[in-house]
2 protein chains.
Amino acid sequence: MAEKFFSEKNLKFTLYDVHNVESLLKHERFSDYNKESFDMVLDTAKNIAVNFMYPLYSEMDKNPPEYTGSTIKVNKAVKEYMLTSGEGGWINATFPPEHGGQQMPLSLFNACMFIFASANYSLSVYPGLISGAASLIYNYGTEELQKKYAEVMVTGRWQGTMALTEPEAGSSLSDVKTSATPTDKGYYLIDGAKTFISAGDHDNAENIVHLMLARVKGAPAGVKGLSLFVVPKYRLTESGALEFNDVNCAGCYHKMGYRGAPIAQLSMGESDDCRGYLVGKENMGLTYMFLMMNEARINVGLGAAAIASAAYYSALEYTKERTQGRNSLEKDPLKPQIPIIEHADIKRMLLQQRAIVEGSLSLMVYAGKLVDLSRISSGEEKEHYELLLELLTPIVKTYPSEMGIVSTSLAIQCLGGYGYSSEFPVEQYMRDARIHPIHEGTTGIQGMDLLGRKVTMKKGAAVKIYLDEIKKTTDEASLYSDLKPYATQLNDALTLWKTVTNGLLGIAAKGEIDLFLADATLYLEFSGIICLAWQWLIQGTAVLKMIQNSPSGSDLNFAEGKLFTMRYFFEYELPKIHGLSIRLKNADGLTLKMKPEFFED
Amino acid sequence: MAEKFFSEKNLKFTLYDVHNVESLLKHERFSDYNKESFDMVLDTAKNIAVNFMYPLYSEMDKNPPEYTGSTIKVNKAVKEYMLTSGEGGWINATFPPEHGGQQMPLSLFNACMFIFASANYSLSVYPGLISGAASLIYNYGTEELQKKYAEVMVTGRWQGTMALTEPEAGSSLSDVKTSATPTDKGYYLIDGAKTFISAGDHDNAENIVHLMLARVKGAPAGVKGLSLFVVPKYRLTESGALEFNDVNCAGCYHKMGYRGAPIAQLSMGESDDCRGYLVGKENMGLTYMFLMMNEARINVGLGAAAIASAAYYSALEYTKERTQGRNSLEKDPLKPQIPIIEHADIKRMLLQQRAIVEGSLSLMVYAGKLVDLSRISSGEEKEHYELLLELLTPIVKTYPSEMGIVSTSLAIQCLGGYGYSSEFPVEQYMRDARIHPIHEGTTGIQGMDLLGRKVTMKKGAAVKIYLDEIKKTTDEASLYSDLKPYATQLNDALTLWKTVTNGLLGIAAKGEIDLFLADATLYLEFSGIICLAWQWLIQGTAVLKMIQNSPSGSDLNFAEGKLFTMRYFFEYELPKIHGLSIRLKNADGLTLKMKPEFFED
């Protein structure tokens, strides 16, 4: 391909060598697949990404969605992409056959999503949103809703959305005010406003089907009173015609990046004629949503890692070609300049990007595999995988999101002034990357989720599973003398993690919940670094196994590079936990004691 | 003012209480000034910033410069701003009277620059560039050049530029290829191309006067063969008319941010008729430029801190008004939501921004004061200030630049989805901030400058002065029981700094220069954090002195807030040095051993 935005070699290495997704194939659920069909799926995804998606990447940024007064005009190619995704079975790929899907393992599907998102993140979200919305209908909706809505959605003709956020209810979903008044006609009348709805309206879909949280009149306050509704922009009449459903697009946001996708403001029920169709039972809305949330959050992490991947390969390409300066020992200015990739500081920046990209990808594939494993198991084993995924989800979402900013910024730095210019793609990658710590639960929310909910759930059962899994990794890695020092480093880091965690849990035990959670964001950062070190050790072990087959040429270079990147992570990234641990051990409550009026000046 | 983008209270506190710039007034050079005139100058700057500059901030971003084929069209207000700056004496404010200036202390002038840059960074650079260029002419140019060019430039009618960078000579100035052929008519014929020239051409100035590095035919290779020329777009004929000087604007870059200022590509001598007028002596070009470089680099740090200031006040305002969520102990969803500034994580993010902004500003004012002190002293004392400034310059340039990205990104995070929207100003601040680690020497270049040149110069004389200055601070702070723990922390940090530095110097002593410099960027980060802790301790000491006067109301809140921010710095930022020191003590040469081909995949 002309421009490289992901590494096929690394993706396959991560799937097959690092996480052995082939092992899933022995289970009946995935018995239609084999390694060849896996590779074919990846090839197909690559073709779409290279030939269709990437060429639109810059264009969609330069011509962002515009509100027309009633809908949002988006790039015309969106329609083709949605339909292609529907025809290719990408929208419902992971759905079971009874829901029209191919029951594709999520680990494979996510690898494809990584390819798509690295080619054109904004474009990739349109079908992704349909998928999430349709899945909710299939899982919890009536057969009628499935037939009338979900079945059309997965063709790519109708856009699906997740409509949670309101002007006064962003991070605080308990404050959702959109109301649903029951009628005797089987539907509810919806009244309210939603905001920041991704693909919440646009002119490249025949219909927009919102999976919307609303509060049935008389329902309890807070999140316990939220119900889930199908709220289409156009409802189906009995004759099968489309009829406007009083879902009004009130505007769209212009954004720093991620500009290929429209983020809409919606107003429902302006003419008291917005009908919502209940999904599942009343007051269960958030429970249903949360069952989708883990996957939605994996998607965010995946998107962030994918954008960082594209930026990394742009930077890599540039640093190989751009000549500037000489070796620090070379004093003769008449000697030719060298490619900047030969400078240590450039290599450091490239290694950091690679460590973030490939470490994150490894974690994303692992998270997908946990979903797959939970789907093919039952009882305690199923719970084992589910708990581990629950625990990891805040890290899966946040590490790539936060470090994606750092990584794309480093890509800019590698290009210098050119990196800051719109004539090169990397500045767009940084702008695109900036969304991820915000949507699907901000970093602050994820930190509180990890520390306040996940670490403590089921009396720490998830933590125990996590530590056991890491122990398996360090035990195996310790068999290789090259890896033993890193296994030791990881074990030391875990000891520190336990000390910090126990210290914080001690505060919680005293009932000082505010103090316990005050630095939850830093705790998430701290935990994320260690988790990524674990993923790097898993990768390092896979490399040492691969090296036993005496690779040569580009395979050997890849293996060497992978090991250097692992070492980079342990030598440059992992030490950051020491600074963080100093803070996390200090329960001085500084941010609690800081009064808002002290910011006056 | 409607929108706050800087704190007048903090700026005055930093000038008067923290760095006692009034002490400069007793010197003859600044005897025309007093505290009242200082305040008047600041007031005037504030008026310009509030009434003229800030209202153009978003507009100039949304309508960036466009290349017309021969020049670059910029916002029409630029002309008025340049002329206003000229009339108000801002362009030559710091020049001595014999060069038409007011001999304003740089510390005061920089405070004004901070105000301007926080209002509208892009707009602020136009006169700033004139100032630097005119100063070079006044300092090293002939009287004729001063009369013909500099005197018009300082009126704001003619733009000045610093034209160093070429397509193949960015970080590596020794590769400048633009040539200067002597003639017998007193001028040189210039031939070559320049790129990334800030305000390198635009339609709001009657003329563009480049202070350009070029190589006289036959001059030595490398930086030793660079000469400095005045190369105007229009040269003055003997009759005083303007005549095209064959300086062709070949295009402009579209940029991620900093979009109010045009960054030009230039081509000189396409018709073999581009005349350059030598400034000073041949082959002394870089020496002259470097004498300006410290101030230019202070300006970059100042600009970065100013942008972070504006973003911080946007975030602060928003978090006071936006309600979302409840205290973590509050379980009743019917209770009203609270302003998000009451959440610990938001306060942490605000404190981090404030710590970066006010810590950086303190360092900038200090750096300006060092320039002032060097100008009013001589002999050893002068050298003392100059050495200290030389040592600090890479930090002065880089800390605000790198942390400005972090700080503006935090401002976005405080606003959530709104922060990512162009309808709010913070996303622009982050885009604007991203330029600073690139221009005037990238962060990588600054790291090598600090470790490879400044730490070792004059056998470590600058380091000794620096450590003595810090000792004065810690000794004074230790007199206050509230500050003593922080003085101890700073001393411990310095011990670590010395250990790390000596370790690195040991490598240099063995001649392993590549290894010595491999992690220079991290060494700069490490040193920067400690330097800022010092600035925060100076500020803390000033607060404790102020508290002795029993302040009340907003003064007391300010004092309390300042102390909390100092504590924040010591408790959250300073510990980061421990992770960095682990890496910096490890001389494994990882990035040197990583071969470019290992990035293949």
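Leaving aside its neighbours within four places in sequence, Ala533(B) touches Leu490(B), Ala493(B), Phe569(B), Phe570(B) and Leu574(B), where two residues are in contact if their C-beta atoms, placed from the backbone, lie within 7 Å. This is a predicted model, in which local features need pLDDT of at least 70 and side-chain atom pairs count only at pLDDT 80 or more, while totals for chains, interfaces and linings use all residues. Residues are numbered from 1 along each chain as its sequence is written, and chains are lettered from A and ligands numbered from 1 in the order in which they are written.

Ala533(B) is also one of the residues with the most contacts inside the largest nonpolar core, which has 425 residues; the others named with it are Phe114(A), Phe229(A), Ala533(A), Phe114(B) and Phe229(B). From each of domain 1 (1–440) and domain 2 (442–593) of chain A, this core draws at least three residues. A nonpolar core is here a set of buried Ala, Val, Leu, Ile, Met, Phe, Trp, Tyr and Cys residues joined through C-beta atoms within 7 Å, and a residue is buried if 20 or more other C-beta atoms, placed from the backbone, lie within 10 Å of its own, exposed if 12 or fewer, and partly exposed in between. In soluble globular proteins, nonpolar side chains tend to be buried together.

Chain A as a whole has 18 helices and twelve strands, these being DSSP runs numbered from the N terminus (helices H or I, at least four residues; strands E, at least two). Its radius of gyration is 24 Å, close to the 25 Å that the globule rule gives for 601 residues, so chain A is as compact as a globular protein of that length; the radius is taken over C-alpha atoms, and the rule is 2.2 Å times the number of residues to the power 0.38. Of the 601 residues in chain A, 60% are buried.

The two domains of chain A, whose bounds come from an automatic or database domain assignment, have centres separated by 26 Å, taken over C-alpha atoms. Across their boundary, 28 residues of domain 1 of chain A are in contact with 33 residues of domain 2 of chain A. On the domain 1 side, α9(A) gives the most, with 13 residues, and by class that side has 14 nonpolar, seven polar and seven charged residues. For these classes, Ala, Val, Leu, Ile, Met, Phe, Trp, Tyr, Cys and Pro count as nonpolar, Asp, Glu, Lys and Arg as charged, and the others, Gly among them, as polar.

Between the chains, the contact takes 83 residues from chain A and 83 residues from chain B. Helix α16 (residues 553–573) of chain A gives the most to the chain A side, with ten residues, and the residues of that side divide into 33 nonpolar, 29 polar and 21 charged.

Within chain B, helix α4 (residues 77–87) has as its buried residues Val78(B), Tyr81(B), Met82(B), Ser85(B) and Gly86(B). They cover an arc of only 135° around the axis, which puts them on the same side of α4(B), the arc being that of the directions from the helix axis to the C-beta atoms. These buried residues pack against α2 (35–53) and α5 (106–140) of chain B.

Two loop residues of chain B complete the picture. Ala199(B), in the loop between β5 (188–198) and β6 (207–216), has a positive phi of about 55° although it is not a glycine, and it counts as buried, with 29 C-beta neighbours inside 10 Å. Lys458(B), in the loop between α11 (443–454) and α12 (461–477), has a positive phi of about 45° and is partly exposed, with 13 other C-beta atoms within 10 Å.
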